[in-house]
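Here are my notes on the pockets and the ligand site. Please read them beside the structure.

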Amino acid sequence: MPRPVMVIPPERFAAAAATEIADLLTEVIDRRGHATLALTGGSTVHPVYDDLVGRAIRWQQVEIFFGDERAVPPDHPESNYRLARETLLDHVPVPPSQIHRMEGERRDLDQAAQEYAAILPERFDLLLLGMGPDGHTASLFPHAPGVTEKSRRVIAADPPPLPVKPTLRRITITPPVIAAAARVLMMITGAAKAGIVARALEGPDDPAACPAQLARRGWWMLDQPAAAHLQHTES
Ligand code: 6PG
């Protein structure tokens, strides 16, 4: 069965992704009266959040969670919460009590992760994800302990060391949360990721080596450059 992979011209990617998100949230709210949405960090999603601001979504019925966070205060430039607040949450009427940020500033990240797991819904109605050039998603990195986590739903994570600057510790959802999500939307753009996209979607199943494969059953929205190495999907 062909994977639900949508390949979009770059100039239309943000609007197409925002339409997918808006349509799904509307469908869930129509059916259930409310929806849970887990946001991703990263730069790919910036323009998508910008576009979402103008959509007719009943934000009062949406509950916001995060897929991962860096170990920084909420106003830090590297904070995923700050990204989401500046590009989306400050511009739509989600009640503050319905916005659940991961407390990356806490000294005890394990405790913060445990407390966040306790407020997670049984499953997200919509989980937004991105993928790094190494195939990581959320803050689940290749061959890191989190990729094989089977019971805990949120954990503290340590990215692989970088040669040039110290990496920030993370808090992240784990594979069981990705597996449980009613709908996963993976958004990837750029030619630089074409190789890892092909590996993630068409390579051997090895999520420990390529954690984005944990979202293989989800919907993948790619711009044409990111889809360029796929064999089974015309871009
Ligand atoms: C984060 C994200 C991470 C991101 C990918 C892609 O905290 O950085 O959760 O998983 O989605 O690294 O990032 P870009 O969109 O910037 O390439």
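**Notes on the ligand site and pockets**

1. The ligand takes up the space of the largest pocket. Bear in mind that this is a predicted model. The volume of the largest pocket is about 830 Å³. Its lining counts 35 residues, and G42, R70, E78, H136 and R170 lie closest to the centre.

2. Which elements supply the lining of the largest pocket? Both β4 (68-70) and α3 (80-87) give at least two residues each. The largest share is that of α3, with five residues. By class, the lining of the largest pocket holds 15 polar, 11 nonpolar and nine charged residues.

3. Now the ligand shell. It has 16 residues, and the closest are S43, T44, R70, A138 and K193. Sorted by class, the shell around the ligand has 10 polar, four charged and two nonpolar residues.

4. A polar side-chain atom of K193 sits 2.6 Å from an oxygen atom of the ligand. For N80, the distance from a polar side-chain atom to a ligand oxygen is 2.9 Å. For T40, it is 3.3 Å, again to an oxygen atom of the ligand. Taken alone, the ligand exposes 420 Å², of which the protein buries 88%.

5. Last, the second largest pocket. Its volume is about 180 Å³. The lining has 14 residues; closest to the centre are P145, G146, I155, A156 and A157. Strand β6 (residues 154-157) provides the largest share of this lining, three residues. By class, the second largest pocket is lined by seven nonpolar, five charged and two polar residues.

Note on methods: Residues are numbered from 1 along each chain as its sequence is written. This is a predicted model: local features need pLDDT of at least 70, side-chain atom pairs count only at pLDDT 80 or more; totals for chains, interfaces and linings use all residues. Side-chain values use heavy atoms; hydrogens and water are left out. On a 1 Å grid over the protein atoms alone, a cavity is a set of points where a 1.4 Å probe fits but cannot get out, and a pocket is an open set with protein on both sides within 12 Å along at least five of seven lines; lining residues have an atom within 4 Å of a point. Grid points are joined across faces, edges and corners, and a volume is the space filled by probe spheres set on the points. Helices (H or I, at least four residues) and strands (E, at least two) are DSSP runs, numbered from the N terminus. Ala, Val, Leu, Ile, Met, Phe, Trp, Tyr, Cys and Pro count as nonpolar, Asp, Glu, Lys and Arg as charged, and the others, Gly among them, as polar. A residue is near a molecule or strand if one of its heavy atoms lies within 4 Å of it. A polar contact is a pair of N or O atoms within 3.5 Å; within protein, one must be able to donate a hydrogen and the other to accept it, and residues adjacent in sequence count only if both atoms are side-chain atoms. Accessible areas come from the Shrake-Rupley method with a 1.4 Å probe; for residues, only the protein chains shown count as cover. A molecule sits in a cavity or pocket if more than half of its atoms lie within 2 Å of its grid points.
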